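Please open the model in your viewer and keep the selection panel at hand.

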Amino acid sequence: MLQEADFALSQNSGELSIDEEDEKIQFQSGDISGEFNKKRGSFSYYKKGDTRIGRLPEPYFWRAPTDNDFGNHMPSNLGVWRTAHVNKSLEEVVVGEQSKEGLPITVKYMLKDIGVPYTLAYLIRNDGSIQVTSSIDMSGKTLPELPRFGMRMTLPGQFDQVSYYGRGPEENYSDRKTASFLGIWEHKASEQKMPYIRPQEYGNHTDTRWVKLFNESEESLVITGLQPFDFSALNIRAEDMDPGLTKKQQHPTDLSYSNDITLHIDLLQRGLGGDTSWGAYPHRPYRLHDEKYSYSFVITIESDKK
Amino acid sequence: MSKKITSFLIALVLCLPLLGQNEWENPKVFERNKEAGHVDFIAYEEAAAARKDDFGASSNFLSLNGTWKFNYLDKPADRPMDFFKGSFDDSSWDQIKVPSNWEIEGFGLPIYTNVTYPFPKNPPFLDNDYNPVGTYRRTFEVPADWQDKAVILNLSSVSGYARIYVNGEEAGMTKVAKSPSEFDVTPFLKKGENVIAIQIFRWHDGSYLEDQDFWRLSGLEQDVYLYALPKVTVWDFFLKAGLDAQYQNGVFSANIDLRSFDDQVDQAGKIKVEVLPVGSSKAVFSEEKSFSSLNDAINFSSNIPDVAKWSAETPNLYDCVITLMDAKGKTTMVTSEQIGFRTVEIKDSQLMVNGMPILVKGVNLHIHDDVLGHVPTREMMMKDIRLMKQNNINAVRTSHYPQNPLWYKLCDQYGLYLVDEANIETHAMGATNQGWFNKEVHPAYLPEWAPAHMDRIQRLVERDKNHPSVIIWSLGNECGNGQVFYDGYDWIKERDETRLVQFEQATENRNTDIVCPMYPSLHHMKSYAEDSEKERPFIMCEYSHAMGNSNGNFQEYWDIIMSSPKMQGGFIWDWVDQGLKAEDENGTYWAYGGDLGGLNFQHDENFCANGLVSANRTPHPGLVEVKKVYQNVLFSWDQKSKELSIENLFDFTSLSDYQFTWELYKNGELQTSSSFTVNTAPHAVEKQKIKLPKLKGEDEYYLNVFVRTQSATEMIPA
């Protein structure tokens with residue numbers, strides 16, 4: 001790489017209109033519109049024309065254990081992260097003042113199983129895009145390393161055509177990416193099948209600048225990082241490839257691929273390791289041991305062709 | 001008095017196991033009437049046929065592959081006892097194809113276990129309540145023109161304890177898989193229909209030495225054939241094709257062993273040795289010698305100027321044609337073996353081939369076919385070699401036993417360096433660096449097991465000693481380091497001074513020329529790299545365990561390897577997933593340990609699937625990382641001088657035959673590209689100016705540089 005890009009996104013022009021009524025915040029900019037529910041602390045929908053997204057990304061920290069993960073007892077040692085995203089209480093929703101950047105909404109959660117605060121800071125921008133900043137603060141807690149720090153969302157299967165600017169075309173991970181060159185790559189989510197003899201994590205792409213998922217009307221959901229991010233877009237969820245604390249004699253034929261697409265947008269995922277498969281950890285630079293993590297990306301729907 | 005009684009009792013106790021001891025539970029008796037190891041070859045009528053090396057085309061070759069009658073039972077007590085008799089009625093028996101593994105063909109259970117033996121550990125004993133017995137029978141006719149010839153039966157690999165009978169007579173017994181078992185069957189053959197009967201026990205004392213991390217499969221798993229030789233014949237030959245001190249001229253020698261199967265035949269004759277480039281009729285060496293008795297040492301030697309050298313990058317081969325004539329000069333047999341001129345040595349703490357320190361970009365290879373089990377085929381070998389060559393892999397460790405003979409010929413031809421390993425693994429009894437174990441029961445430390453060990457080491461060397469691709473012998477894997485491995489090391493060094501010996505279990509003791517640990521930590525590697533007292537090359541026999549989604553931090557290994565001349569690479573564990581093709585109501589999948597009915601038996605789950613490629617050789621995503629890190633051309637960019645630095649890591653190949661392309665990307669889009677060529681010599685670095693357009697600060701740019709073969713070879717497309 002000759003030069004690192006500047007990832008700060010230029011603020012687009014656009015007229016953002018806000019309509020606040022009881023717990024609902026309706027917003028519109030051009031033909032993009034959406035609704036945020038203050039009581040639930042989440043978006044009820046987000047759409048452009050006929051292209052409509054139900055839910056925005058939600059926190060997720062787990063991955064289907066690889067063979068090396070089993071070797072170093074990740075399924076039990078890191079097990080608290082398997083469901084840490086589930087049992088979260090909504091602590092506070094703060095709707096800020098609309099400024100020239102847009103409308104800020106901050107949603108504070110408590111991940112109750114581990115007693116850790118987790119914050120989603122949204123900025124509904126003037127062009128109708130939504131900037132998401134996800135932050136976790138584990139200060140003062142004794143917690144195992146994170147398998148991943150990220151979010152995921154479910155999209156209807158019609159968003160099958162994936163285009164991204166990042167490392168590809170083969171799957172790659174923080175510690176196995178030197179052969180995956182930066183570029184604009186394309187594939188179909190439905191063609192990404194689990195390639196290993198025993199179901200496990202697969203399909204990740206590191207150093208992603210943006211990813212677009214096109215539907216049949218050639219509109220795309222676009223995720224643009226404010227820093228490089230990892231993504232995968234698969235017709236299967238981690239839960240469906242996770243046998244639990246022990247391996248369960250599973251094979252690729254035991255997987256049922258959904259029509260829906262699970263899109264992961266992660267700041268980082270644990271490396272793969274490989275020094276051994278009977279105890280060795282991924283090397284330290286490829287593990288998530290920090291007390292705090294935070295990252296940002298912008299979601300929008302575009303109708304321009306690929 | 002009391003002392004006497006005690007010693008008498010001890011003697012009695014010690015003798016008890018020997019009374020009525022089963023032959024398959026006695027390590028001292030590991031063969032009977034079995035030929036010693038020697039070069040595998042077939043006799044031809046004339047040189048042109050010999051040089052084509054097509055066994056099947058020789059009138060001296062009769063394949064016994066095909067359909068045999070077969071009987072399977074779970075325990076020795078139930079086995080048919082008179083199976084070997086000509087009159088035995090096998091009409092109710094099943095049929096089985098040969099070669100095959102009987103568990104794959106539906107007889108008994110395929111078991112995958114890594115370390116733990118699939119039987120209760122109590123060497124040399126087995127659990128004979130479950131020790132399946134397969135009995136094979138078939139008939140054949142001996143070609144009429146074999147009447148005055150000696151006939152050898154070759155079982156290329158028998159997995160199990162096998163007794164072999166021809167026409168009711170015992171031809172011999174073997175307990176060693178993966179190396180050929182040969183028996184002189186001349187006296188047993190008759191005109192017309194002959195019956196061969198082979199009874200194989202799945203487990204035996206030798207199974208304690210075959211504790212490899214693989215599917216435990218049995219039977220006649222490689223070719224079975226007869227071959228005929230003249231009664232006075234060439235039996236073995238050690239062809240040494242080295243280089244002089246300048247690595248320029250060939251230094252050739254041939255030591256030929258003759259053998260007589262009949263003392264009545266005239267023992268005098270002539271022998272001619274020719275060396276010709278493959279495909280050429282112009283000999284670079286030709287000499288004829290007479291002998292008057294078989295005790296004469298028959299040695300040829302010569303310097304051959306300006307030979308085309310062999311290396312994995314330049315697999316230049318010569319045919320060495322050996323012609324035997326009787327005293328009157330009439331040709332009685334011709335055979336031919338391909339040789340390659342090269343040297344292997346350690347200099348300056350480095351492994352050198354032809355005077356160049358090489359990098360070992362290796363993988364470990366088990367014999368595995370997702371449909372056939374342990375049956376090797378040419379198609380699968382070619383698939384493997386092609387994929388390896390296309391992914392910058394230049395070396396294979398034949399983990400953990402000799403491969404099929406064809407493998408070596410193909411590696412000679414296409415160019416791969418081999419560590420050829422003896423069929424010894426005693427893992428469950430204990431291994432060096434893997435915790436305490438009891439040396440009082442470990443076979444590697446017990447004299448009664450020593451001959452069986454030495455036999456496996458000698459068979460490895462004697463069969464494969466003429467292959468240029470074999471640059472290093474390995475004494476075995478995870479088997480302890482008892483006295484027998486010092487003796488084995490010394491024996492090989494005495495027998496073959498043209499190669500090196502490695503032994504992981506020796507760690508840094510004297511019986512290894514290479515320090516070849518498995519799975520060392522990066523910390524250990526760094527300290528070895530920086531230690532100037534270390535005088536042996538460091539080449540990992542296993543590293544980067546490729547199980548499932550793996551091979552992380554592979555570049556980090558190579559950063560250390562590239563930091564010190566004596567760090568020379570390693571062999572990834574391993575090449576191919578050992579999955580067996582299976583089917584259930586959901587579709588086709590590859591079975592692993594615990595599948596195929598093995599769930600309640602000892603098994604080690606999917607630990608058999610550690611490959612860079614899946615069981616049918618579909619690459620796993622990690623293979624591209626290996627290809628990148630194993631690349632033979634390194635690039636770096638100097639932003640100041642706008643120069644691309646090109647380092648040629650090839651040892652014998654200039655970069656002039658390659659096409660270079662650089663591509664400049666702006667925000668992920670190709671902006672401009674250009675091609676160029678360079679003539680960088682092996683191990684040299686060259687700077688190449690590249691004229692880039694003006695780069696704008698707000699955009700992201702990157703430069704990709706590709707190097708591609710310009711002209712296609714059989715293994716690598718352009």
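Contact here means heavy atoms within 4.5 Å. This is a predicted model, in which local features need pLDDT of at least 70 and side-chain atom pairs count only at pLDDT 80 or more, while totals for chains, interfaces and linings use all residues. Residues are numbered from 1 along each chain as its sequence is written, chains are lettered from A in the order in which they are written, and side-chain values use heavy atoms, without hydrogens and water.

**The interface.** Select both chains: 44 residues of chain A are in contact with 57 residues of chain B. About 4,200 Å² is buried between them, 54% of it from carbon and sulfur atoms; buried area is the accessible area (1.4 Å probe) that two parts lose on being put together, summed over both.

**The salt bridge.** The term requires a side-chain nitrogen of Lys or Arg within 4 Å of a carboxyl oxygen of Asp or Glu. The count between the two chains is 1 salt bridge.

**The largest cavity.** Finally, select B:Ser159, B:Glu210, B:Phe214, B:Arg216 and B:Leu217, which lie nearest the centre of the largest cavity among its 21 lining residues. Its volume is about 200 Å³. On a 1 Å grid over the protein atoms alone, a cavity is a set of points where a 1.4 Å probe fits but cannot get out, and lining residues have an atom within 4 Å of a point; a volume is the space filled by probe spheres set on the points.

Terms used
1 Å grid on protein atoms, 1.4 Å probe; cavity = no way out; pocket = protein on both sides within 12 Å on 5 of 7 lines; lining within 4 Å.
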